[in-house]
Amino acid sequence: MFKYPINVTIDTNIFDAAKYDFSENSTLQLLVKYVQKGKVKIVLSNIVVKESEKHIAEQGLKLCGIARKLRAETLKISTEKLIEYVGLNRLLELVDDKKLVKEKSVELFQKYIKDIDAEILDTSQIDLDAVIDDYFEIRPPFESGDKKRKEFPDAFIANQIRERFGTKEVVAIISNDKGFRAACEETPNHLFFESLAQLYDKIKKIKAPNLEI
């Protein structure tokens, strides 16, 4: 049974897919509105938060690189004098402090986390023995092969979710990662959506606060 507020946890790949777009009409900003209306309660792994902070910082640095290339391309076909005269000075601007760009990028994400009033799960909620057992038994998200570095964070996050919600409290898990979803699939109270848009469609179909879906 799904009841308001709906527990929702989000994987890093969802933030990545949304390009960290926190503008007014974005998919991520709509989540803020659902939280404010009391329809959704956000619970995030501290690992997801750290991964997302890293990714948005990397996005900021990529923008610096794009700006540098744009300046170089602009000066190939024109001069600083003409560019400034016609009011296109921004084409010549470069950011000198890349550290500041990273900090401001992370700051924007941290503000969003506050806006959605997220409960953050920490590493104390990870059952390390269970994760190690999954690793040696090659249970999801672990697979035979060499991609262990990526699988361990997924295993930790899945374990945090299982420890936080047990086998009875319902949680909507938003992720498009098949290995991660498989790691959480053992309990029937885990409901999966590949995107926030899918979750929103389901919420719109709920006519009463305690209606089953």
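1. F109 is found in helix α5, which spans residues 98-115. Helices (H or I, at least four residues) and strands (E, at least two) are DSSP runs, numbered from the N terminus. F109 counts as buried because its relative accessibility is 0%; buried means under 20% relative accessible area, exposed over 50%, and partly exposed in between (1.4 Å probe, protein chains only).

2. A word on the basis of these values. This is a predicted model: local features need pLDDT of at least 70, side-chain atom pairs count only at pLDDT 80 or more, and totals for chains, interfaces and linings use all residues. Residues are numbered from 1 along each chain as its sequence is written, and side-chain values use heavy atoms, with hydrogens and water left out.

3. Which residues does F109 touch, not counting those up to four places away in sequence? They are F15, Y20, F22, V49, S52, E53 and I56, where contact means heavy atoms within 4.5 Å. The C-alpha atom of F109 is also separated by 9.4 Å from that of A57, and the two residues are 52 residues apart along the chain.

4. The structure holds seven aromatic pairs. Rings of Phe, Tyr and Trp (its six-membered ring) pair if their centres lie within 6.5 Å; planes under 30 degrees apart count as stacked, over 60 as edge-to-face and the rest as tilted. F15 and Y20 are a stacked pair, because their planes are at 15°, with ring centres 6.3 Å apart. F15 is buried, with a relative accessible area of 0%, and Y20 counts as buried at 6%.

5. Y20 also pairs with F109: the ring centres are 6.0 Å apart and the planes lie at 75°, so this pair is edge-to-face. Y20 lies in the loop between α1 (12-17) and α2 (27-36) while F109 is in α5, so the pair ties together parts that are 89 residues apart in sequence. Both Y20 and F109 are buried. One aromatic cluster is formed by F15, Y20, F22, F109 and Y112.

6. Helix α2 has these buried residues: L28, Q29, L31, V32, Y34 and V35. The elements that cover them include β1 (6-10), α1, β2 (40-45), α5 and α9 (196-205). After α2 comes G38, whose phi is positive, near 80°.

7. How many salt bridges are there? The count comes to nine, a salt bridge being a side-chain nitrogen of Lys or Arg within 4 Å of a carboxyl oxygen of Asp or Glu. One of them joins E24 and K33, with the closest N and O atoms 3.6 Å apart. E24 counts as exposed at 53% relative accessibility, whereas K33 is partly exposed at 32%.

8. Another salt bridge links E80 and R71, where the closest N and O atoms are 3.4 Å apart. E80 is partly exposed, with a relative accessible area of 38%; R71 is partly exposed too, at 23%.

9. An α-helix has 3.6 residues a turn, so residues three or four places apart point the same way. K111 is partly exposed, at 47% relative accessible area, and D115 is partly exposed, at 30%. Elsewhere, salt bridges that share partners join K41, E119, R164 and E169 into one network.

10. R164 has a further contact to note: its charged end sits over the ring of F165, 4.6 Å from the ring centre. A charge sits over a ring if NZ of Lys or CZ of Arg is within 6 Å of the ring centre and within 35 degrees of the ring normal.

11. A search of the whole structure finds two cavities of 30 Å³ or more. On a 1 Å grid over the protein atoms alone, a cavity is a set of points where a 1.4 Å probe fits but cannot get out, and lining residues have an atom within 4 Å of a point. Grid points are joined across faces, edges and corners, and a volume is the space filled by probe spheres set on the points.

12. The largest cavity holds about 40 Å³ of space. What lines the largest cavity? The lining residues are C64, A67, R68, L94, V95 and K98. Helix α3 (residues 46-77) gives the largest share of this lining, three residues.

Technical notes. On a 1 Å grid over the protein atoms alone, a cavity is a set of points where a 1.4 Å probe fits but cannot get out, and a pocket is an open set with protein on both sides within 12 Å along at least five of seven lines; lining residues have an atom within 4 Å of a point.
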